[in-house]
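User: I'm new to reading protein structures. Could you walk me through a few features, giving the general idea and then the case here?

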Amino acid sequence: MRAVTFHGVGDFRVTEEPKPELVGPADAIVRITLGAICGSDLHIYHGRVPLDEGAVLGHELVGVVEGVGPDVRTVQPGDRVVASFFAACGTCYQCRRGWWAQCEERSIFGHGTYFGGLGGAQAEYCVVPRADLNLAPIPDSVTDEQAIFAGDILATGLFAAERGGIRVGDTVAVIGVGPVGLMAVMCAQLFGPARVFAVDTVGSRLGLAADLGATPVDAHAVNPQVEIQRHTGGFGADAVLECVGQVAAIQTAIDCVRGGGTVSSVGVPSELTGDFPYFDVWNRDLTFRSGCTNVHAYLRPLLDLIAAGRLHPERIISHRMPLDEAVEAYRMFDRREATKIVLRP
Ligand SMILES: [Zn+2]
Ligand SMILES: [Zn+2]
């Protein structure tokens, strides 16, 4: 099968790889019909994540089940499915508490042996362990281009919004409206805020956020803290969703939230240095939450919301490319020439 594989920092290639085989009795093999490039793939691209030579990349996938092990109950060959970007075991202490993201055996697709040695999603086939838990059937009325988001960044957006503690009539600010931030804009609106500000410096992203109902704030043109305070009687936003992953963005989020408000941070940290503004959080009675996302909790509700026409995550897709053009796709995505690229094997 063809797959996108890792050969060094900035050196991804489309190569011919052996088709993966079913191993465990609870596994399924999926023929991938759509993959995607995620912002977190760029962390690998830039060498911030250790990966072995030749590892298959990609962790966002939808496809059709081709085969299942004897213990699989909820999906069968021919079913359209979306996978969580990470696999959980379903039986450990954390899984039984509903914290699948904290599973003791959590492994991530397309992240090589260091993250559990699963295959990748930028390929023609992928084996999904514990298929009953880690795959969700896609309703007929939901397209591949919609469903693919439920397994990763849309779940991240909902996680961010839910943990922002948004109440009806609140003011929300989203810091960084790349793909995850745009999902956070959409998901924040499910909680009934009066308004959602979208803070970024990239015009195309701000335009898309505005199309999705947010008020754009260009951080190159205005100070976001001043701008948001100006619209909130000088107080700031009730909830701020941070979707960048840099200390400066955390600081902006804390600057933009009102005293007593909540910062919910989901940006994948791209730097591990810098001071966390502990004093501000204490002094202003802030709630600070952070994390990746607990995908399994959101898969079913998100697919239902999409089926009901209440979420349109596919609106952020800017480029549809064949898997064979993945090298070029990565180059474009890295240079921010594309908002979101999906790859068709
Ligand atoms: Zn991702
Ligand atoms: Zn577990």
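User: Let's start with charges and rings: which ring does the charged end of Lys19 sit over?

Analyst: A charge sits over a ring if NZ of Lys or CZ of Arg is within 6 Å of the ring centre and within 35 degrees of the ring normal. Here the charged end of Lys19 sits over the ring of Tyr125, 4.2 Å from its centre. Arg106 lies over the face of Phe86, at 5.5 Å from the ring centre. Keep in mind that this is a predicted model, where local features need pLDDT of at least 70, side-chain atom pairs count only at pLDDT 80 or more, and totals for chains, interfaces and linings use all residues. Side-chain values use heavy atoms, without hydrogens or water, residues are numbered from 1 along each chain as its sequence is written, and chains are lettered from A and ligands numbered from 1 in the order written.

User: How do two rings pair up, and how many aromatic pairs are there?

Analyst: Rings of Phe, Tyr and Trp (its six-membered ring) pair if their centres lie within 6.5 Å; planes under 30 degrees apart are stacked, over 60 edge-to-face, and the rest tilted. This structure holds 10 aromatic pairs. One of them is Tyr45 with Tyr330, stacked at 5.5 Å centre to centre with 15° between the planes. Tyr45 is in helix H1 and Tyr330 in helix H12, so the pair ties together parts 285 residues apart in sequence. (Helices, H or I with at least four residues, and strands, E with at least two, are DSSP runs numbered from the N terminus.) Ring pairs also link Phe6, Phe12, Tyr45 and Tyr330 into a cluster.

User: Are Tyr45 and Tyr330 buried or exposed?

Analyst: Buried means under 20% relative accessible area, exposed over 50%, and partly exposed in between (1.4 Å probe, protein chains only). Both Tyr45 and Tyr330 are buried. Phe276, at 42% relative accessibility, is partly exposed.

User: What about the zinc ion (ligand 2): which residues are its protein donors?

Analyst: Donors are N, O and S atoms within 2.8 Å of the metal (3.2 Å for Na, K and Ca); water isn't among the atoms, so sites may look incomplete. For this zinc ion they are the SG atoms of Cys89, Cys92, Cys95 and Cys103, at 2.3 to 2.4 Å. Along the chain, the donors follow the spacing C-x2-C-x2-C-x7-C. Cys92 is buried, at 10% relative accessible area, and Cys95 is buried too, at 4%.
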